[in-house]
2 protein chains.
Amino acid sequence: MNPGKTLGSSSISFSRPVYIESAASVVGKKEGEGPLKKKFDKICRDPMFGMTTWEEAESSLQKETASLAIQKAGLKTQDIRMVFAGDLLAQTIASSFGIADMGLPYYGLYGACSTMGEALSLGSMAAAAGYGEHILCATSSHFATAEKEFRYPLSYGNQRPLSATWTVTGSGACIISSLPPREKRLSHGQCKDGCAVITGITTGRIVDFGFRDSLNMGGCMAPAACDTICRNLRDFHRTVSDYDVIVTGDLGEVGQKILLELLSREGFDAASVHQDCGLLIYDNQTQDTHSGGSGCGCSAAVLAAHILPEIASGNWKRVLFVPTGAMLSKVSYNEGASVPGIAHGIVMEHKDFPCRKSDGCTDV
Amino acid sequence: MNPGKTLGSSSISFSRPVYIESAASVVGKKEGEGPLKKKFDKICRDPMFGMTTWEEAESSLQKETASLAIQKAGLKTQDIRMVFAGDLLAQTIASSFGIADMGLPYYGLYGACSTMGEALSLGSMAAAAGYGEHILCATSSHFATAEKEFRYPLSYGNQRPLSATWTVTGSGACIISSLPPREKRLSHGQCKDGCAVITGITTGRIVDFGFRDSLNMGGCMAPAACDTICRNLRDFHRTVSDYDVIVTGDLGEVGQKILLELLSREGFDAASVHQDCGLLIYDNQTQDTHSGGSGCGCSAAVLAAHILPEIASGNWKRVLFVPTGAMLSKVSYNEGASVPGIAHGIVMEHKDFPCRKSDGCTDV
């Protein structure tokens with residue numbers, strides 16, 4: 001049996017579901033004061049995460065999140081067969097100096113804020129093909145490293161337009177596997193929850209509408225999100241209502257409006273099912289976050305803290321997770337280049353695992 | 001049948017070989033004056049590649065090389081199912097603005113100068129699993145973008161220590177497939193050549209020996225190359241002599257000495273089979289390149305121009321290709337962090353395709 005069936009020009013439907021064994025999220029103080037505050041695994045009030053530079057802080061954050069995901073899956077570091085990780089910084093140093101020093105086989109990724117989607121896309125392809133039993137997918141962002149990398153020194157105190165998003169200080173990590181977590185989880189008493197599985201992917205393409213405003217990332221990324229969602233629906237022969245939720249990464253208020261308009265031009269009315277991680281993580285009215293949250297850590301932390309538990313519990317039966325990324329650097333921006341976007345689509349579904357005493361479960 | 005068998009902690013032996021359908025190389029003037037000058041597909045004397053900034057020049061170079069690889073495989077752009085690409089620049093903009101705008105499903109990678117190894121590693125996993133018939137793996141580097149990104153303005157005219165390497169202005173691209181190229185190549189009259197196949201991989205790990213000298217990249221990367229080569233030999237139960245050549249990416253003279261010393265401490269005498277792309281591409285004596293060539297484009301261009309033809313012709317029966325990368329950014333360097341290394345191992349073998357008239361070949 002082939003591990004997956006290719007659909008259309010850019011989707012894969014896996015022959016057997018890829019299981020999400022565990023997920024972990026660690027965020028900063030501001031995120032810990034937002035609407036999802038009770039759902040994160042850890043909230044760290046020290047923005048330096050115990051380190052001396054912002055970059056070391058982000059590395060520390062990503063490493064802690066990855067370690068927590070490994071621990072929650074009941075595994076040890078050396079049980080992880082391969083790692084897919086990346087971040088927003090030049091030469092992805094948050095990852096290189098973070099989880100990468102766990103000594104694990106490592107594939108470094110750059111997908112801007114779509115990195116969790118890229119990691120899950122590649123990780124699920126590898127898991128479905130039997131290339132590794134436990135695969136770690138992780139990413140992070142940090143408000144202070146991102147401002148330093150892409151915009152102005154923090155002490156400059158620049159004014160932010162209302163279209164600007166606020167980079168999330170946070171990290172999300174998942175362990176995925178071709179084997180069901182139930183057997184492994186019996187001893188943890190979590191088997192009655194059911195779990196979330198990845199059943200398909202739609203690989204992102206870089207879409208360039210010619211936007212040049214790095215303080216309106218939602219606008220830059222919305223065309224790519226539209227492109228991926230449309231290809232997913234067509235490749236899988238689905239309509240918008242086949243998904244309980246279509247959740248983008250970090251379009252924010254401005255990007256959401258553009259996405260819904262672009263989708264309606266393609267004949268899809270997604271207003272009732274669309275959510276955006278950037279709009280879930282902050283209360284824009286009270287937290288001064290303008291258009292919403294952004295950064296690799298935004299979709300990754302919301303996935304781990306909110307989306308996966310909703311799927312595992314069965315509240316959501318099928319979700320299209322579409323992290324969105326803006327492909328710019330300060331050099332490309334300063335040289336006047338446009339800001340193209342990319343979005344990777346991951347189809348996630350609920351899978352039931354009814355507890356049976358005959359299987360050794362002690363919870364029934 | 002599973003697409004691959006996992007070996008040891010970090011290797012995969014593919015159940016069926018992954019075919020290299022085509023490979024292309026485009027380099028700059030200096031590389032075109034070196035020992036491999038007759039083997040590159042194109043030598044461009046204009047360092048701007050017809051563009052107005054160094055970054056656009058590198059994007060143009062990478063796109064041209066990718067297009068040439070697609071053309072040499074007898075394919076059209078839309079035949080490519082997915083792309084694995086990356087480069088050295090912050091936020092990998094050479095790739096984002098280069099081949100990525102071909103509108104193809106795209107996975108952006110960051111593996112520093114090991115990127116061609118990372119791309120072939122992920123690409124061959126995807127091809128072996130049947131996730132796409134034609135997969136493009138590409139990378140590039142440019143002397144001027146790399147100096148700007150990591151070191152000094154060119155006009156500053158800094159002195160280079162003898163341990164420094166010279167970043168190659170060049171790009172290499174391959175099309176890989178789960179199907180033999182012979183059938184497709186019959187009409188091109190190339191079937192009698194045999195071809196190069198990928199039969200296994202060893203995923204790189206980040207290895208940090210604590211070196212901090214960004215002008216001695218060979219020294220920083222040699223421990224990672226040693227780690228990957230040793231794991232490959234142990235995982236596949238092979239000795240050094242099972243390979244005709246073990247070819248690293250860009251260790252240069254200084255890194256080669258360290259690698260051979262480290263390997264001998266592990267019980268492997270690789271002096272007679274080791275080659276380094278950074279030592280093959282320039283004549284260090286006459287070209288003022290000190291320790292040798294480096295950059296993503298170094299191993300990628302030498303692979304396409306020299307290594308793959310040697311394998312396809314049968315001169316080399318089995319080769320371990322080990323592109324090496326140094327995981328630093330100017331921020332990590334300026335903050336005093338070490339320069340860890342990574343190396344991805346790709347096992348390449350010769351595969352014969354004797355021509356048969358009964359198959360419709362017109363060459364016999």
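Me: What makes Ser294(A) a residue that touches Ser141(A) and Asp250(A)?
Reply: Happy to start there! Contact means heavy atoms within 4.5 Å. Leaving out residues up to four places away in sequence, Ser294(A) touches Ser141(A), Thr165(A), Trp166(A), Thr167(A), Val168(A) and Asp250(A). Please keep in mind that this is a predicted model, where local features need pLDDT of at least 70, side-chain atom pairs count only at pLDDT 80 or more, and totals for chains, interfaces and linings use all residues. Residues are numbered from 1 along each chain as its sequence is written, chains are lettered from A and ligands numbered from 1 in the order in which they are written, and side-chain values use heavy atoms, with hydrogens and water left out.

Me: How do you know whether Ser294(A) is buried or exposed?
Reply: Buried means under 20% relative accessible area, exposed over 50%, and partly exposed in between, using a 1.4 Å probe and protein chains only. Ser294(A) has 5% relative accessibility, so it counts as buried. Its place is in strand S12 (residues 293-294) of chain A; helices (H or I, at least four residues) and strands (E, at least two) are DSSP runs, numbered from the N terminus.

Me: Why is the link between the side chains of Ser294(A) and Thr165(A) called a polar contact?
Reply: That term needs a pair of N or O atoms within 3.5 Å; within protein, one must be able to donate a hydrogen and the other to accept it, and residues adjacent in sequence count only if both atoms are side-chain atoms. The side chains of Ser294(A) and Thr165(A) are joined by such a contact at 3.0 Å.

Me: Why is H3(A) called oblique to H10(A)?
Reply: The axes of H3 (residues 115-128) and H10 (residues 296-312) of chain A come within 7 Å and cross at roughly 60°. That makes H3(A) oblique to H10(A), because angles under 35 degrees count as roughly parallel, over 145 as roughly antiparallel, 65 to 115 as roughly perpendicular and the rest as oblique. On the H3(A) side the contact is made by Thr115(A), Met116(A) and Leu120(A), and on the H10(A) side by Cys296(A), Ser299(A), Ala300(A) and Leu303(A).

Me: Over in chain B, what are Ser178(B) and His237(B) called?
Reply: Ser178(B) has a relative accessible area of 32%, so it is partly exposed, while His237(B), at 73%, is exposed. Ser178(B) sits in the loop between strand S8 (170-177) and helix H5 (181-185) of chain B. His237(B) belongs to the loop between helix H6 (217-235) and strand S10 (245-248) of chain B.

Technical notes. Axes are lines fitted to C-alpha atoms, for helices over the stretch in contact, and angles run from 0 to 180 degrees between N-to-C directions.
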